[in-house]
Amino acid sequence: MTDTPDQQPPVRPVRVLLAEDQGMMRGALALLLGLEEDMEVVAQVAAGDQIVATALDARPDIALLDIELPGRSGLDAAADLRAQLPSCKVLIVTTFGRPGYLRRAMEAGASGFLVKDGPVEELAAAIRRVLAGERVIDPGLAAAALSAGPSPLTQRERDVLTAAVDGATVADIAGRLHLSQATVRNYLSAAIGKTGTRNRMEAVRAARQNGWL
């Protein structure tokens, strides 16, 4: 009677959630990652306000999140995801390589930050590295973030500029944020001064370009 070698249990593929609002890009990423033998895309969403609920249902090992999504920013969703499903790693994958976004992603608990112009093989390798406990950051963006320094805006100044993105009036912003119009003007004035701009819309553009909003 001969002994048979112990059979190793099959390795479970990495479960991936994709959050990307562009359908073609989302489909391409799902297809390409699905070709990796050790990965399985278990959920896809097109809006930021769908991320947490979908993740709690699908239980992915890692979530690949874009930043500028309908409904909710991927950065805001990342913080909630890390709080409600800490077993799920977060990797930001975005078109917008802005130093402020990188800082905010790290503050939200993301384990990595990549810009979309890289090959899919690099993305697959980054997923494996993140799950191995590494932090993966685009090197050029990391250097830019260090030289740019932190955002000069307070949270309230960011809130007011975010509310002003669509050209809202002071009265509109005050109503949305439950602040007095005088307080809104003070925050706008401070934000304009800190961004070195001439008016609120220039301040919004400058803050967005730096990834502070």
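Guide: Arginine 156 pairs with aspartate 159 in a salt bridge, their closest N and O atoms being 3.6 Å apart. The term salt bridge denotes a side-chain nitrogen of Lys or Arg within 4 Å of a carboxyl oxygen of Asp or Glu. The model is predicted, so local features need pLDDT of at least 70 and side-chain atom pairs count only at pLDDT 80 or more, while totals for chains, interfaces and linings use all residues. Residues are numbered from 1 along each chain as its sequence is written, and side-chain values use heavy atoms, with hydrogens and water left out.

Both partners of this pair belong to helix H7 (residues 155-163), where 3 residues, about one turn of the helix, separate them. Helices (H or I, at least four residues) and strands (E, at least two) are DSSP runs, numbered from the N terminus. Arginine 156 is partly exposed, at 32% relative accessible area, and aspartate 159 is likewise partly exposed, at 24%. Here buried means under 20% relative accessible area, exposed over 50%, and partly exposed in between (1.4 Å probe, protein chains only).

By the same rule, the count of salt bridges comes to 12. One of them joins the side chains of aspartate 61 and arginine 12, at 3.0 Å from N to O. This pair links distant parts of the chain, 49 residues apart: aspartate 61 is in the loop between H2 and S3, and arginine 12 is in the segment before S1. Aspartate 61 counts as buried because its relative accessible area is 18%, whereas arginine 12 counts as exposed because its value is 52%.

Lysine 116 and glutamate 20 form another salt bridge, at 2.5 Å from N to O. Their positions are 96 residues apart, lysine 116 in the loop between strand S5 (112-115) and helix H5 (120-131), glutamate 20 in the loop between S1 and helix H1 (23-34). Both residues are buried, and together with Asp66 they are linked in a network of salt bridges.

Turning to the nonpolar side chains, the largest nonpolar core has 27 residues, of which Ile51, Leu65, Leu81, Ile92 and Phe113 touch the most other members. Such a core is a set of buried Ala, Val, Leu, Ile, Met, Phe, Trp, Tyr and Cys residues joined through side-chain atoms within 4.5 Å. Elements giving two or more residues to this core include strand S1 (14-19), helix H2 (51-58) and strand S3 (62-65).
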